[in-house]
Amino acid sequence: MVNIKLFNDYFLASHIAVPLLTVNNRDTHDIIRMFFETYNFNVVGFKEEDKVIAYLNRELYDYNSEAIEENLISFTTGDTVAANTPLVDILALMEGRERLFLITDSTIDLLITKADLQKPPVRMLLFGLVTLLESEMADVIRMYHPSDEWKDLLTEGRVKKIDALYEKRKEKNIEIDLIDCTQFADKKTVVLEDASLRENLFTSSKNSAEKWMRKVELLRDDLAHAQSLSNWFETENADLLVSEIQTLIHKLELQKFEKIISK
């Protein structure tokens, strides 16, 4: 079974980062202006003795200063992370930040900005977590309803469509069971309508749990249709949602374990 460790091992900060452009004390204001105004960079690193020791910020740079060094901004602990930091952790670290600088072999050489959170590795990470969540829900539903009693929790219309899809796939000799023919929304309904299962997974009210699951479903839909993720990172607190998804996955795994040992 795929688990969350896979996402931590294979989706890293470096996968969405860009090289940090650098200047040194031999460069001029005109060079800096070109980087900031012509090429539209917001920050550039500053090198001294072949090591990046600080950076320059487009919004704070004073072209009337006597030397570039007068505009240097020192790195703080929160500004830098290792290039091999799990990407899922970067989502939380970027909350409220414009950028992060990445360290490779003791050298600050990469940069992540909010725009980089739109890149394919982030989408793959998020969709993978939601897919894993759905898979874990299916496994637990099977264990709670081994004879497909979960169908009683869905509408007659949905059950008919699920049965029809199941028969169609059987004709093609595709090895599946009935729960494999459900959609995310169906599994969501079963989890919420099964009081015992819901209470084991959520500490909040049924209404709150339903709102949360709907939010996950909306994120899944946006990812599936390649919609912009800006809203999720700017107003929907995506990093918190990702953390909550991971927590629910752990709870589902625990439910499976408890069902197995109770037999």
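Mentor: Arginine 142 counts as partly exposed, at 26% relative accessibility, where buried means under 20% relative accessible area, exposed over 50% and partly exposed in between (1.4 Å probe, protein chains only). Keep in mind that this is a predicted model, in which local features need pLDDT of at least 70 and side-chain atom pairs count only at pLDDT 80 or more, while totals for chains, interfaces and linings use all residues. Residues are numbered from 1 along each chain as its sequence is written, and side-chain values use heavy atoms, with hydrogens and water left out.

Trainee: Which residue forms a salt bridge with arginine 142?

Mentor: That is aspartate 177, with the closest N and O atoms 2.5 Å apart; a salt bridge here is a side-chain nitrogen of Lys or Arg within 4 Å of a carboxyl oxygen of Asp or Glu. Because aspartate 177 lies in the loop between α5 (156–171) and α6 while arginine 142 belongs to helix α4, the pair ties together parts that are 35 residues apart in sequence. Helices (H or I, at least four residues) and strands (E, at least two) are DSSP runs, numbered from the N terminus. Aspartate 177 is likewise partly exposed, at 27% relative accessibility.

Trainee: Which residues do salt bridges with shared partners join into one network?

Mentor: The network consists of Glu136, Asp139, Arg142, Asp177, Asp180 and Lys256, and the structure holds 22 salt bridges.

Trainee: Where is lysine 114 found?

Mentor: Lysine 114 sits in the loop between β8 (107–113) and α4 (120–144), and it is partly exposed, with a relative accessible area of 38%. Leaving aside residues up to four places away in sequence, lysine 114 touches Met94, Arg97 and Glu98, where contact means heavy atoms within 4.5 Å.

Trainee: And which residue forms a salt bridge with lysine 114?

Mentor: Glutamate 98 does, at 3.5 Å between the closest N and O atoms. This pair links distant parts of the chain, 16 residues apart, with glutamate 98 in the loop between α3 (87–93) and β7 (99–104). Glutamate 98 is partly exposed, at 47% relative accessibility.

Trainee: Another lysine, then: is lysine 188 buried or exposed?

Mentor: Lysine 188 is buried, its relative accessible area being 12%. It belongs to helix α6 (residues 184–193) and touches Met213, Arg214 and Glu217, again not counting residues up to four places away in sequence.

Trainee: Switching to the strands, what is the order in the open sheet?

Mentor: The four strands of the open sheet run in the order β2-β3-β4-β5, with mixed pairing. At the edges are β2 (22–23) and β5 (73–74), each of which pairs on one side only. The pairing of β2 with strand β3 (residues 43–48) is in the parallel sense over two bridges, and two strands pair if DSSP finds at least two bridges between them. Threonine 22 has glycine 45 in β3 as its bridge partner.
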